[in-house]
Amino acid sequence: MHLSLIKKKLEDSVYIDMIQFEKDVKLVFDNAILYNGEQSDVGLLAKTMQGIFETEYKKVCEEGA
């Protein structure tokens, strides 16, 4: 899974709910951390991006409720 594939799936309306989208995005960050190491440049950036995603995703979900 990678961000370009998520973008393509969004454009093609593949996701049937927000949960599938959320899982794919989290998988990208989790894999980046796992395969590059938590303290690597990639791992640290992935953790930062994951935090931003979670904050923004929460906002979107609250607006839709």
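Trainee: How exposed is Lys59?

Mentor: This is a predicted model. In it, Lys59 is partly exposed, with a relative accessible area of 41%.

Trainee: And what does Lys59 form a salt bridge with?

Mentor: Glu56, with the closest N and O atoms 3.3 Å apart. Both residues lie in helix 3, three residues apart, about one turn of the helix. Glu56 is also partly exposed, at 41% relative accessible area.

Trainee: How many salt bridges does a search of the whole structure find?

Mentor: Six. One of them joins the side chains of Lys9 and Asp24, at 2.8 Å from N to O. That pair links distant parts of the chain, with Lys9 in helix 1 and Asp24 in helix 2, 15 residues apart.

Trainee: Are Lys9 and Asp24 buried or exposed?

Mentor: Both are buried. Glu11 and Lys7 also meet in a salt bridge, at 3.8 Å, but Glu11 counts as exposed at 52% relative accessibility, and Lys7 counts as exposed at 52% as well.

Trainee: Switching to packing. At what angle do helix 2 and helix 3 cross?

Mentor: Roughly 165°, with their axes coming within 8 Å. Angles over 145 degrees count as roughly antiparallel, so helix 2 and helix 3 are roughly antiparallel to each other. Their crossing is left-handed.

Trainee: Which residues meet there?

Mentor: On helix 2 they include Phe21, Val25, Phe29 and Ile33, and on helix 3 they include Ala46, Met49, Phe53 and Tyr57. The contact's residues divide into 13 nonpolar, three polar and five charged.

Notes. Residues are numbered from 1 along each chain as its sequence is written. This is a predicted model: local features need pLDDT of at least 70, side-chain atom pairs count only at pLDDT 80 or more; totals for chains, interfaces and linings use all residues. Side-chain values use heavy atoms; hydrogens and water are left out. Axes are lines fitted to C-alpha atoms, for helices over the stretch in contact, and angles run from 0 to 180 degrees between N-to-C directions. Helices (H or I, at least four residues) and strands (E, at least two) are DSSP runs, numbered from the N terminus. Angles under 35 degrees count as roughly parallel, over 145 as roughly antiparallel, 65 to 115 as roughly perpendicular and the rest as oblique. A crossing is left-handed if the near helix is turned anticlockwise from the far one by less than a right angle, and right-handed if clockwise. Contact means heavy atoms within 4.5 Å. Ala, Val, Leu, Ile, Met, Phe, Trp, Tyr, Cys and Pro count as nonpolar, Asp, Glu, Lys and Arg as charged, and the others, Gly among them, as polar. A salt bridge is a side-chain nitrogen of Lys or Arg within 4 Å of a carboxyl oxygen of Asp or Glu. Buried means under 20% relative accessible area, exposed over 50%, partly exposed in between (1.4 Å probe, protein chains only).
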